[in-house]
Amino acid sequence: MAALAGVGSLSSAIVSGLAERGQSILGGDIQVSVVQRAATPEELAAFAREGRVSTITRMRAMAARLDGAESVLVELKGVDGAYPLYGEFRLQPGALKSRPSGSEVAVGPELAERLGVKPGDTLRIGEARLRVIGLIAEEPDRVGQGFTLGSTALTDRAGLAATRLVQPGSLYTSAYRIQLPPAATPDAVTKRLKDRFSEAGLQIQDRSNGAPGTRRFIERLGQFLTLVGLTALIVAGIGVGNGVSSYLDSKRGGIATLKLLGATSRTIFLSYLVQIGLVTSGAIIVGLAVGALVPWIVVQIAGSALPVPPSLAAYPAPLLASAAYGLLIAFVFAILPLAKARLINAAALFRGELDPPRRPPLILILAVVAAAGLIAALAIATARDPMFAAAFIGAALGLIGLLTLLGGLIRWTASKLPRPKNPLLRLALANLHRPAAQTGRLVVALGLGFTLFATLAVIETNLSGQIRTTIPATAPSFFMLDIPVGEVDRFRTLATRAAPGGNLVTIPSLRGSVVAAGGRRVSEMAEIPDGAWFLRGDRGLTYSAGLPEGSRVVEGEWWPADYSGPPLISLDVEAARAAGLEVGDSLTISILGREIEARIASLREINWDTMGFNFVIVFAPGALENAPHSFMATISMPEAEERPFARAVSNSFPSVSAIRVKEVVEAVSDMLGQLSVAVRAAASVAILAGIAVLIGALAASRRARVYDSVMLKLLGATRARILAAQALEFTILALILAGIAFGLGAASGWYVVTQVLELDWAPDWGIVGLTLLLGALVTLTLGLLGSLPALTARPARALRTL
């Protein structure tokens with residue numbers, strides 16, 4: 001309950017924080033952005049009529065120390081005097097001024113540490129020498145910029161102009177933030193601007209969704225962790241069933257006495273149902289209280305790691321949903337043990353467990369099925385992606401069903417095996433299949449937890465293996481951006497001289513946004529499919545006479561090398577299918593405010609693993625050559641040559657940005673690591689729930705184990721031999737569970753890795769095996785600890801109470 005309520009509360013708190021700080025994150029009530037150009041006078045006048053305007057230009061650039069010893073990729077931001085319209089821009093203590101002006105710059109702490117600079121030092125960015133006035137402490141619109149590869153270097157408009165980096169063809173974004181008057185509404189302003197400049201290629205956001213990518217990520221991660229938590233709660237439900245069985249077993253004498261005194265089965269059932277209900281309510285209240293405090297706890301422990309400060313408050317929706325889950329699951333798993341106690345007659349209760357149990361009434365079975373249906377319906381109805389939630393629940397239920405069958409198979413197999421001569425082994429096998437054995441429940445609960453951990457281990461080791469082995473073997477050393485068209489030949493000469501053994505590839509580059517697909521305007525689409533990400537924002541574009549390396553035409557035909565005719569494009573086949581496009585359909589792309597309609601000539605399968613220039617959209621020759629653009633390059637070289645090469649490029653081509661692939665991989669690896677920590681934490685809840693089930697199962701079989709222990713002691717067995725027999729039982733069960741989890745985890749991990757992530761299959765089986773071995777050791781240890789009370793039972797006292 002605490003895990004479910006905590007995940008839901010934290011996700012809601014972060015999303016609410018994004019919404020409350022929408023103006024600061026976006027930088028205004030409305031943001032209008034355009035790539036590779038500034039707004040026209042007509043557009044600027046229209047923006048000014050709506051409210052106060054602030055102009056920001058963002059681009060990637062290289063910041064270098066004056067001695068040329070080190071250069072670093074930065075996110076260069078040129079702002080005007082009105083920045084920021086909302087929020088506060090603040091520098092750390094020790095700054096020389098409150099904000100930069102002219103030939104001054106404020107830098108992020110990471111950049112200062114990397115270059116070894118402090119306030120008062122000078123950096124070279126482009127052709128400008130800028131004095132560092134301080135380190136940035138607060139940048140209100142940082143989250144709204146999304147994922148960036150470099151730290152921020154912020155200057156004013158004059159400082160940006162001095163760098164001479166904004167040139168025709170350069171890759172930069174012009175953003176115009178508008179502060180609306182109180183009476184204006186963002187929806188109305190957005191509609192007016194879209195209607196007036198429908199063909200200008202403008203990207204318009206409002207304050208309600210200042211960081212759409214971050215919001216989408218938080219919501220999806222929250223949904224996934226909620227579903228994992230729900231799985232853990234289902235596992236815990238099995239423990240609830242065991243706990244109720246154990247509790248009722250301890251009350252057998254009292255139930256028998258009440259029945260002999262005239263209590264009806266209905267009275268017995270309702271009285272214990274009320275007791276279980278009170279315990280459940282108490283657990284739910286405590287769990288909700290802990291879950292509601294999770295946002296406060298996370299802020300205190302790891303507040304700086306969150307994308308935006310959560311809005312600290314109580315969020316009824318996730319708490320109510322968690323409470324509903326808890327009540328329904330407690331009902332599903334507690335009702336059948338209660339029904340079992342209700343149906344047994346007094347004589348059978350006094351005799352022990354000799355009478356076979358009768359089937360519960362049909363009405364109770366239907367009530368359990370209905371409650372289970374409500375759990376699934378609630379999970380699907382509250383999910384951001386109902387289809388994903390339905391698939392996840394279906395897979396979890398399928399896995400539970402499979403584990404249930406495997407549990408029955410283990411019991412049946414143990415009963416059919418020849419009786420070993422070794423008494424310890426014979427007793428251990430008998431414990432797996434005897435009446436009241438908890439084997440089936442343990443296989444379901446611990447098997448589900450082990451399978452989750454095994455699956456995560458397979459996926460994580462596969463991802464880290466891809467990053468560690470595949471990428472370094474195939475990736476270039478550098479991506480080079482913003483090479484001027486007129487300087488390409490000189491750049492090639494320098495690259496050949498600085499890295500004689502390097503493999504240099506150059507390709508033209510510009511950016512544009514898809515404004516229509518298949519005759520439909522993107523702005524008029526009710527919802528963009530998840531797989532059609534190329535329809536969102538601006539995209540990298542190129543033109544090529546030949547088929548790019550790493551691509552294969554799967555539909556249509558590639559154009560001739562000397563093609564000259566109407567605009568044609570080649571599109572990534574997966575992106576095309578996600579958007580419902582085929583060969584012969586049209587795409588309209590806005591480039592520098594001009595819309596170009598092109599026909600899809602072919603669909604390509606792209607090998608993204610090359611980490612080369614894999615453009616989703618490639619134009620045929622003749623359409624883009626005369627548009628202002630620049631070139632990009634990749635180059636591969638030995639690691640020892642990387643720093644001298646980067647220094648030579650930075651000194652000779654100040655406008656060129658050099659991105660080290662190794663640093664990109666490290667940044668992505670860090671993000672994956674942070675994500676995996678969250679997923680592992682949620683999966684740990686499932687493991688803990690499985691351990692709780694183990695403890696509950698031991699409690700449920702306490703009477704039988706005490707009986708066995710007493711009888712064996714009367715026959716001369718020592719505590720050590722009894723403990724050894726039980727250790728052997730739990731070892732057999734743990735090894736069986738580990739083997740089952742290994743197979744199921746490998747199968748589910750293979751599906752995720754090869755079918756969802758579309759990566760090569762290369763897990764680290766050593767780590768996967770170690771993960772399962774640790775789980776088996778935990779199972780064995782807890783099993784033995786749970787058996788200690790049975791070993792300490794005195795025969796005389798036990799025989800009087802059994």
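What follows is a chat about the helices, cores and charged pairs of this chain.

Trainee: Before we start, what kind of model is this, and what limits come with it?
Mentor: It's a predicted model: local features need pLDDT of at least 70, side-chain atom pairs count only at pLDDT 80 or more, and totals for chains, interfaces and linings use all residues. Residues are numbered from 1 along each chain as its sequence is written, and side-chain values use heavy atoms, with hydrogens and water left out.

Trainee: How many helices and strands are there?
Mentor: The chain has 23 helices and 21 strands. Those are DSSP runs numbered from the N terminus, helices being H or I with at least four residues and strands E with at least two.

Trainee: And how much of the chain is buried?
Mentor: 48% of the 802 residues. Buried means under 20% relative accessible area, exposed is over 50%, and partly exposed is in between (1.4 Å probe, protein chains only).

Trainee: Which residues touch the most other members in the largest nonpolar core?
Mentor: Leu338 and Leu403, out of 46 residues. Such a core is a set of buried Ala, Val, Leu, Ile, Met, Phe, Trp, Tyr and Cys residues joined through side-chain atoms within 4.5 Å. Helices giving two or more residues to it include α10 (316-343), α13 (386-416) and α21 (719-756). Apart from it lies another core of 35 residues, Phe479 and Tyr563 among them.

Trainee: What does Leu403 touch, then?
Mentor: Leaving out residues up to four places away in sequence, Leu403 touches Val443, Val444, Gly447, Leu448, Ile740 and Leu744. A contact here is heavy atoms within 4.5 Å.

Trainee: Switching to charges: how many salt bridges are there?
Mentor: The count comes to 18. Each one is a side-chain nitrogen of Lys or Arg within 4 Å of a carboxyl oxygen of Asp or Glu. Arg196 and Glu42 make one, at 3.4 Å from N to O. That pair links helix α6 (residues 186-196) with helix α3 (residues 41-50), 154 residues apart.

Trainee: What about Glu139 and Lys77, are they buried or exposed?
Mentor: Both Glu139 and Lys77 are buried. They form a salt bridge too, with the closest N and O atoms 2.6 Å apart. Lys77 is in strand β3 (residues 71-79), while Glu139 is in the loop between β7 (128-138) and β8 (151-156).

Trainee: Which network of salt bridges do they belong to?
Mentor: One that links Lys77, Glu139, Asp141 and Arg177.
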